[in-house]
Amino acid sequence: MNPEDSYQSEQTMKNKAQVNDELVNKTIASGRKYCVRLYKSGPNRNQADEDAEKIQAEHQRYLMQLRLDGILLIGGPVVDDSELKGVGIFNTSDKEEVKRLSDNDPAVMTGRLVYEIYHWFGLPGDGLKE
């Protein structure tokens, strides 16, 4: 390691926030309950390719509208080849509202996806980095 790298590393350590009980407690106190929805493979995934693509496009439009409306905070597909197909975090703790919204998703309506809804604790302002 050259001396310049060592100096920058020391400066980074000095500028880091110190985690203490007060910070932890204050941060947790600002948190709240949300709903997280997990999409899983549904029982009806044998549509013709053209039909599956149409359902997927409608599904994406539906989710984009929820996002633009501020209802769906974070969402996206699981890219591993698994039964779990997607995750969404909603700006509500009302499971019935998320159930209603999920039941209206074209991919759920056609049986390509099913879902589970859970309460999830998060910190307002958390988000994905660009």
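**Figure 1. Close-up of Tyr39 and its bridge partner in the predicted model.** In this predicted model, Tyr39 has Gly86 of strand β3 as its bridge partner. The two strands concerned, β1 (residues 32–41) and β3 (residues 84–90), run antiparallel and are joined by 6 bridges. Elsewhere along this pairing, Arg37 stands opposite Gly88 in β3. In general, the strands of a sheet pair through backbone hydrogen bonds, in either a parallel or an antiparallel sense.

**Figure 2. Close-up of the hairpin formed by β2 and β3.** Strand β2 (residues 72–77) pairs with β3 in the antiparallel sense over 5 bridges, and the two strands form a hairpin in which 6 residues lie between them. Two of the facing positions can be followed in this view: Pro77 stands opposite Gly86 in β3, while the bridge partner of Gly76 in β3 is Val87.

**Figure 3. The largest nonpolar core and the surroundings of Leu63.** This core has 15 residues, among which Tyr39, Leu63, Leu66 and Phe90 touch the most other members. At least two residues are supplied by each of β1, α3 (49–68), α4, α5 (106–109) and β4, and the greatest contribution is that of α3, which gives 4 residues. With residues up to four places away in sequence left out of the count, Leu63 touches Arg37, Tyr39, Leu72 and Asp105.

**Figure 4. His59, a buried residue of helix α3.** His59 is found in helix α3, and its relative accessible area is 7%, so it counts as buried under the 20% cut-off. Apart from residues up to four places away in sequence, His59 touches Tyr39, Asp105, Pro106, Ala107 and Leu113. Two of these, Tyr39 and Asp105, are also touched by Leu63.

**Figure 5. Gln47 in the loop between β1 and α3.** Gln47 has its place in the loop between β1 and α3, yet this residue is buried, because its relative accessible area of 17% falls under the 20% cut-off. The side chain of Gln47 reaches the backbone oxygen of Asn44 at 3.0 Å, and a polar contact of 2.6 Å joins the side chain of Gln47 to that of Arg112. When neighbours within four places in sequence are left aside, Gln47 is in contact with Ala52, Ile55, Thr110 and Arg112.

**Figure 6. Helix α2 and the contact at its start.** None of the 9 residues of helix α2 (residues 21–29) is buried, so this helix lies largely in the open. At the start of α2, a side-chain oxygen of Asn20 comes to within 3.1 Å of the backbone nitrogen of Glu22.

**Figure 7. The whole chain, as context for the close-up views.** The secondary structure of the protein chain comes to 5 helices and 4 strands, which follow the pattern α-α-β-α-β-β-α-α-β along the sequence. Of the 130 residues of the chain, 25% count as buried, and the accessible surface comes to about 9,500 Å², with 51% of that area belonging to carbon and sulfur atoms. Among the contacts with a separation of 6 or more, 76% are accounted for by residues 24 or more positions apart.

Conventions: Residues are numbered from 1 along each chain as its sequence is written. This is a predicted model: local features need pLDDT of at least 70, side-chain atom pairs count only at pLDDT 80 or more; totals for chains, interfaces and linings use all residues. Side-chain values use heavy atoms; hydrogens and water are left out. Buried means under 20% relative accessible area, exposed over 50%, partly exposed in between (1.4 Å probe, protein chains only). A polar contact is a pair of N or O atoms within 3.5 Å; within protein, one must be able to donate a hydrogen and the other to accept it, and residues adjacent in sequence count only if both atoms are side-chain atoms. Contact means heavy atoms within 4.5 Å. Accessible areas come from the Shrake-Rupley method with a 1.4 Å probe; for residues, only the protein chains shown count as cover. Two strands pair if DSSP finds at least two bridges between them. A nonpolar core is a set of buried Ala, Val, Leu, Ile, Met, Phe, Trp, Tyr and Cys residues joined through side-chain atoms within 4.5 Å.
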